[in-house]
Amino acid sequence: VQLQASGGGLVQAGGSLRLSCAASGNIFSINTMGWYRQAPGKQRALVTTITSGGSTNYADYMRGRFTISRDNAKNTMYLQMNSLKPEDTAVYYCKLFTLTREYWGQGTQVTVSS
């Protein structure tokens, strides 16, 4: 399974970005996909996840600003990020996991200027 993340970039505070993560390969139909982020000098942390059935989970500080979605037919996950803050600056990684395996994408840089 390969994951390709895209959509990062430089945006001013208050702006928006939409990240995408396309999965390819032998993908088990029942899975969970998620976004994690790693800011400079910090550990990688959960942003949000979504199951193949559409159930979502958000880190508390993301709720209301970020929205995760997925298109199972395209094996693609999205993260709509609104009202971005400088503290959202990080490398954003996508992940796909099942009961027995997990796969990571290469990450996409999001930089929010003040």
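**Rings, core and strands**

Author: Start with the rings: Y36, Y93 and W104 form one aromatic cluster. Keep in mind that this is a predicted model.

Reader: How many aromatic pairs does the structure hold?

Author: The structure holds 2 aromatic pairs. In one of them, the ring centres of Y36 and W104 are 5.1 Å apart and the planes stand at 65 degrees, so the pair is edge-to-face. Y36 is in strand β4 and W104 in strand β10, so the pair ties together parts that are 68 residues apart in sequence.

Reader: And what about the rings of Y93 and W104?

Author: Their centres are 6.5 Å apart and their planes are at 85 degrees, so this pair is edge-to-face. Y93 sits in strand β9 and W104 in strand β10, so this pair links parts that are 11 residues apart in sequence.

Reader: Is Y36 buried or exposed? What about W104 and Y93?

Author: Y36 counts as buried, because its relative accessibility is 13%. Y93 is buried too, with a relative accessible area of 15%. W104 has 33% relative accessibility, so W104 counts as partly exposed. The cut-off for buried is under 20% relative accessible area.

Reader: β9 came up there. Which strands does β9 pair with?

Author: β4 and β9 run antiparallel and are joined by 7 bridges. In that pairing, R37 has Y92 of β9 as its bridge partner. β9 also pairs with β11 in the antiparallel sense, over 3 bridges, and there A90 stands opposite V110. With β10 the pairing is antiparallel as well, over 3 bridges, and L96 stands opposite Y103.

Reader: How many residues does the hairpin from β9 to β10 go through?

Author: The hairpin joins β9 to β10 through 4 residues.

Reader: Why is β9 described as largely enclosed?

Author: Because 6 of the 8 residues of β9 are buried, the strand is largely enclosed by the rest of the structure.

Reader: New topic. What does the disulfide join?

Author: The structure holds 1 disulfide. The disulfide joins C21 to C94, with an S to S distance of 2.2 Å. C21 lies in strand β3 and C94 in strand β9, so the pair ties together parts that are 73 residues apart in sequence.

Reader: Why is it called right-handed?

Author: The torsion about the S-S bond of C21 and C94 is about 65 degrees, so the disulfide is right-handed. Both C21 and C94 are buried.

Reader: OK, the core next. How many residues are in the largest nonpolar core?

Author: The largest nonpolar core has 28 residues. Those with the most contacts inside the core are M33, W35, F66, M77, L79, M81 and Y92. Several elements give two or more residues to the core, including β1, β3, β4, β8 and β9.

Reader: Why would nonpolar side chains end up together like that?

Author: In general terms, nonpolar side chains tend to be buried together in soluble globular proteins.

Reader: Now the open sheet. What is the order of its strands?

Author: The open sheet has 4 strands in the order β1-β3-β8-β7, with antiparallel pairing. β1 and β7 are the edge strands, each pairing on one side only. On average, neighbouring strands of this sheet are turned by 15 degrees against each other, direction ignored.

Reader: How many bridges join β7 to β8?

Author: 6 bridges join β7 to β8, and the two run antiparallel. For instance, T67 has Q80 in β8 as its bridge partner.

Reader: Where are N75 and S83 found?

Author: N75 is in the loop between β7 and β8, and N75 is partly exposed, with a relative accessible area of 30%. S83 is in the loop between β8 and β9. S83 is partly exposed as well, at 42%.

Terms used. Residues are numbered from 1 along each chain as its sequence is written. This is a predicted model: local features need pLDDT of at least 70, side-chain atom pairs count only at pLDDT 80 or more; totals for chains, interfaces and linings use all residues. Side-chain values use heavy atoms; hydrogens and water are left out. A nonpolar core is a set of buried Ala, Val, Leu, Ile, Met, Phe, Trp, Tyr and Cys residues joined through side-chain atoms within 4.5 Å. Buried means under 20% relative accessible area, exposed over 50%, partly exposed in between (1.4 Å probe, protein chains only). Two strands pair if DSSP finds at least two bridges between them. Axes are lines fitted to C-alpha atoms, for helices over the stretch in contact, and angles run from 0 to 180 degrees between N-to-C directions. A disulfide is a pair of cysteine sulfur atoms within 2.5 Å. Rings of Phe, Tyr and Trp (its six-membered ring) pair if their centres lie within 6.5 Å; planes under 30 degrees apart count as stacked, over 60 as edge-to-face and the rest as tilted.
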